[in-house]
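Me: I have a chain open on my screen and would like to talk it through with you. Can we start with the contacts and then go on to the sheet and the helices?

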Amino acid sequence: MIEKFSSEEKIVLPTCIAPFDLYVVPSNMKQIDRAYEICSRLNSDTFILDDSNRTFGEKMGDAEMIGVNKVMIVGEDTRGNTVQVKDASNGSISVEEY
């Protein structure tokens, strides 16, 4: 399965077999409390919050290699109830309310 849905850079699994629906990444440790708050309001049981003390780039690299379809970026450039959501299949980034 992995060979069919991967390239050298990333793995994008179909939603029905992806390990998580969503990978939540705070852009830096200043955003961690906001990320926890957002996760507490998610309607999905299958998400992962990367609250490790690694760089943003390392976290995004992990997101690309575990096969999730969407990455929620909790950053300083979004305010209030908005976050950035990256679609792993095409790389597009949208601003969405949660």
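Reply: Gladly, and please keep in mind that this is a predicted model. Among contacts between residues at least 6 apart in sequence, 55% join residues that are at least 24 apart.

Me: ok, and what pattern does the chain follow along the sequence?
Reply: Read along the sequence, the pattern is β-α-β-α-β-β-β, which comes from 2 helices and 5 strands.

Me: what order do the strands take in the sheet?
Reply: The 5 strands form an open sheet in the order E2-E1-E3-E4-E5, and the pairing is mixed. Strand E2 (47-49) and strand E5 (93-97) are the edge strands, each of them pairing on one side only. From one strand to the next, the twist averages 25 degrees.

Me: and E1 with E3, parallel or antiparallel?
Reply: Strand E1 (residues 22-26) and strand E3 (residues 70-74) run parallel, with 5 bridges joining them. Within that pair, Val 25 of the chain stands opposite Ile 73 in E3.

Me: switching to H2, where does that helix lie?
Reply: Helix H2, which covers residues 56-66, lies across E1, E3 and strand E4 (82-87), and runs at about 175 degrees to E1.

Me: which residues of H2 are buried?
Reply: Lys 59, Met 60 and Ala 63 are buried in H2. Seen down the helix axis, the buried residues of H2 fall within an arc of 95 degrees, so they line one face of the helix. The buried residues of H2 pack against E1, E3 and E4.

Me: what comes just after H2?
Reply: Just after H2 there is Gly 67, which takes a positive phi of about 95 degrees.

Me: one more residue, Gln 84. Why does it count as buried?
Reply: Gln 84, which lies in strand E4, counts as buried because its relative accessibility is 18%, and the cut-off for buried is under 20%.

Me: what does its side chain make a polar contact with?
Reply: The side chain of Gln 84 makes a polar contact with the side chain of Asp 77, at 3.4 Å. Leaving aside residues up to four places away in sequence, Gln 84 also touches several others, including Val 71, Met 72, Ile 73, Ile 93 and Val 95.

Conventions
Residues are numbered from 1 along each chain as its sequence is written. This is a predicted model: local features need pLDDT of at least 70, side-chain atom pairs count only at pLDDT 80 or more; totals for chains, interfaces and linings use all residues. Side-chain values use heavy atoms; hydrogens and water are left out. Two strands pair if DSSP finds at least two bridges between them. Helices (H or I, at least four residues) and strands (E, at least two) are DSSP runs, numbered from the N terminus. Axes are lines fitted to C-alpha atoms, for helices over the stretch in contact, and angles run from 0 to 180 degrees between N-to-C directions. Contact means heavy atoms within 4.5 Å. Buried means under 20% relative accessible area, exposed over 50%, partly exposed in between (1.4 Å probe, protein chains only). A polar contact is a pair of N or O atoms within 3.5 Å; within protein, one must be able to donate a hydrogen and the other to accept it, and residues adjacent in sequence count only if both atoms are side-chain atoms. The arc is that of the directions from the helix axis to the C-beta atoms.
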